[in-house]
Amino acid sequence: MVENEEKQIGDYLVRTYYDNYPTDPRSWDNLGTMVCFHKRHDLGDTTDYRSENYDSWGDLRNEIEEREGEVTILPLYLYDHGGITIRTSPFGCQFDSGQVGFIYVSKDKIENECIDELKVIKYLEDEVDTYDKFLRGECFGFKVFKIKTCSLGHKHEEEVESCFGYYDEDECMTDGVGMVDAHLKSELV
């Protein structure tokens, strides 16, 4: 487990780590559906769309719109060079990047989920951003340790809390510090 950041608060220590076994955010209950085609990577959601059925991205988009009715749809672009990253706007490199699919949500789903239509694009972009962090390995967890001194004067760390599954290291550290605050408050009672 690779340690990233560390913060000591009194007799407590919070450390963030890379999460070696993160959950694929596409397995969550997402608003959008990702349809992706790539020769070497299994990306996006499991759907019955197959790349061999389309001659262009326009053909795929038309099929999605025919099946789903009115949709909010954004293109997906992948940069693949020593690692992969995904986003809704093109990358500057024409050799190692290109469109890999779409993320979309139907108007019916937006209405059924009571989603503000003005925020739909932001929700879809946030889903792509979280998925990008997963693909890049930017997934974290924290451990909280209580530092104790033994009778020989040596300091020892005893793990008292841990939580993994974060896709933002700052949020991970903030929650770890919040856990320390809760321990410190409980010691005062």
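Over the ring of which residue does the charged end of Lys143 sit? In this model, which is a predicted one, the ring is that of Tyr17, and the charged end of Lys143 lies 5.6 Å from its centre.

A pair of aromatic rings is described by the distance of the centres and the angle of the planes. Searching the whole structure gives eight aromatic pairs, and one of them is formed by Phe37 and Tyr54, whose rings are stacked, with 6.3 Å from centre to centre and 15° between the planes. Phe37 and Tyr54 are 17 residues apart, and both belong to the loop between strand 3 (33-36) and helix 1 (57-68), so that the pair links distant parts of the chain. Both of these residues are buried, and together with Trp57 and Phe102 they make up one aromatic cluster.

Phe102 takes us to the sheet, where, in strand 6, it is the bridge partner of Pro75. Strand 4, residues 71-80, and strand 6, residues 97-106, run antiparallel and are joined by nine bridges. The sheet itself is open and has four strands in the order 3-6-4-5, with antiparallel pairing. Strand 3 and strand 5 (84-87) stand at the edges, and because each has a single partner strand, one side of each is left without a neighbour in the sheet. From one strand to the next, the twist averages 25°.

Two helices that pack on this sheet deserve a mention. Helix 1 touches strand 3, strand 4 and strand 6, and its direction makes about 10° with that of strand 6. Helix 3, residues 120-136, touches strand 3, strand 4, strand 5 and strand 6, and its direction makes about 180° with that of strand 5.

Finally, the cysteines. A disulfide is a covalent bond between the sulfur atoms of two cysteines, and with a cut-off of 2.5 Å between the sulfur atoms, the count in this model comes to zero. For Cys139, which is in no disulfide, the nearest cysteine sulfur is that of Cys172, 11 Å away; Cys139 is also buried, with a relative accessible area of 1%. Cys163 is likewise in no disulfide, and the nearest cysteine sulfur, again that of Cys172, is 7.6 Å away, while Cys163 counts as partly exposed, at 32% relative accessibility.

Key:
Residues numbered from 1 in each chain as written. Predicted model: local features only at pLDDT ≥ 70, side-chain atom pairs only at ≥ 80, totals over all residues. Heavy atoms only, no water. Phe/Tyr/Trp six-rings, centres within 6.5 Å; stacked < 30°, edge-to-face > 60°. Buried < 20%, exposed > 50% of the residue type's maximum accessible area, 1.4 Å probe, protein only. Lys NZ or Arg CZ within 6 Å of the ring centre and 35° of its normal. Pairing = 2+ DSSP bridges. Axes fitted to C-alpha atoms, helices over the stretch in contact; angles between N-to-C directions. Contact = heavy atoms within 4.5 Å.
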